[in-house]
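Subject: The structure to look through

Hi,

Here is the structure I promised to pass on. Have a look at it first, then read my notes below.

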Amino acid sequence: MKVLLHEMNWTEAKKYFERNDIAILPVGSNEQHGPQNPLGTDHLIAKAIAEETARRTNVLCLQVIPFGVSSHHKQFWGTIYISPEIFKNYVKAVCLALSYYGTTKIVIVNGHGGNLGALKELARELREKGIFVSVFQWWSAASKLLPNLFAPEERSHAGAEETSVNLILHPHIVDMGKAVDEELRKHVVYVEGLELPLDTVDYTSSGVFEGSTAASAEKGKKVFEAVVKELVKHVELLKEAEIGDLVQKPRV
Ligand SMILES: [Zn+2]
């Protein structure tokens, strides 16, 4: 069975939508990921996790939305950033188009942490309209499922964990010869608990947070398998769930 929407013709899509009320939508970003990783890292990983989950569950998967909320990376060349508002409204329009065909359960596979604020707002808005949106972030799942696979300083942006997943999915566009470990700079007014409106370039010259040289395809395979397995569980639960149990409750 085909599961990728863009590979179906409209009669196949009709058949799917008439029998199912669930779809998977990957979203990401196009932004710097250190000297060793491709700019597409966040949307390429989200796409791969979403498509593999779709194959294992027979749930429809849409094309990945490649641009996200990334202005904090813009000093590094090639980062294509859009505002949280434009991002939210674009993803919302895609979800509403899905709902026109009866899809009321949408699993967003988010590859970029900077998108999360907009996606959380969107999920709340759509739940009020009877559409249930869940947001899956692979690195949050990985740190719980595989707590000892990486040191904490290897689990952030462009670090060893993310680089490892790139190494298993598309090694031909990773250049490990350029991988670095760079200790993050502390801002002059930094104290614990402080939130500052800083950009990536304020913390690092390479774009890597913080250790990336310990990356390997072997570790990447473990992460990919663990997070897909976890997401499959969620999709199967959601398939069986009644929409009435998922959407906003009426007044008590
Ligand atoms: Zn990333």
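Which residue forms a salt bridge with glutamate 52? The partner is arginine 56, and their closest N and O atoms are 2.8 Å apart. A salt bridge here is a side-chain nitrogen of Lys or Arg within 4 Å of a carboxyl oxygen of Asp or Glu.

Before the rest, some ground rules. This is a predicted model, where local features need pLDDT of at least 70 and side-chain atom pairs count only at pLDDT 80 or more, while totals for chains, interfaces and linings use all residues. Residues are numbered from 1 along each chain as its sequence is written, and side-chain values use heavy atoms, leaving out hydrogens and water.

Glutamate 52 and arginine 56 are four residues apart in helix α2, so about one helical turn separates them. (Helices are DSSP runs of H or I with at least four residues, strands are runs of E with at least two, and both are numbered from the N terminus.) Arginine 56 is partly exposed, at a relative accessible area of 35%. For that scale, buried means under 20% relative accessible area, exposed means over 50%, and partly exposed is in between, using a 1.4 Å probe and protein chains only. Glutamate 52 also touches Phe224 and Val228, leaving aside residues up to four places away in sequence; contact means heavy atoms within 4.5 Å.

By the salt-bridge rule, the count comes to 15. Another one joins glutamate 125 and lysine 88, at 2.6 Å from N to O. That pair links distant parts of the chain, with glutamate 125 in helix α4 (residues 116-128) and lysine 88 in helix α3 (residues 84-100), 37 residues apart. Lysine 88 is buried, at 12% relative accessible area, whereas glutamate 125 counts as partly exposed at 25%. Lysine 92 meets glutamate 125 in a salt bridge too (2.9 Å, N to O). Lysine 92 sits in helix α3, 33 residues from glutamate 125. Salt bridges with shared partners also tie Lys47, Glu51, Glu52, Arg55, Arg56 and Glu225 into one network.

Now the metal. What are the protein donors of the zinc ion? They are His33 (NE2), Asp42 (OD) and Glu162 (OE), 1.9 to 2.0 Å from the ion. Donors are N, O and S atoms within 2.8 Å of the metal (3.2 Å for Na, K and Ca), and water is not among the atoms, so sites may look incomplete. Aspartate 42 is in helix α2 (residues 41-57) and glutamate 162 in helix α6, 120 residues apart. Both aspartate 42 and glutamate 162 are buried.

Helix α6 is worth a look as well. Eight of its ten residues are buried, so α6 is largely enclosed by the rest of the structure. Those buried residues pack against α2, α5 (138-145) and α8.

Last, the inside. The largest nonpolar core has 62 residues, and Ile24, Leu25, Ile49, Val91, Ile108 and Val223 have the most contacts inside it. Helix α8 (residues 217-240) gives the largest share of this core, nine residues. A nonpolar core is a set of buried Ala, Val, Leu, Ile, Met, Phe, Trp, Tyr and Cys residues joined through side-chain atoms within 4.5 Å.

Cheers
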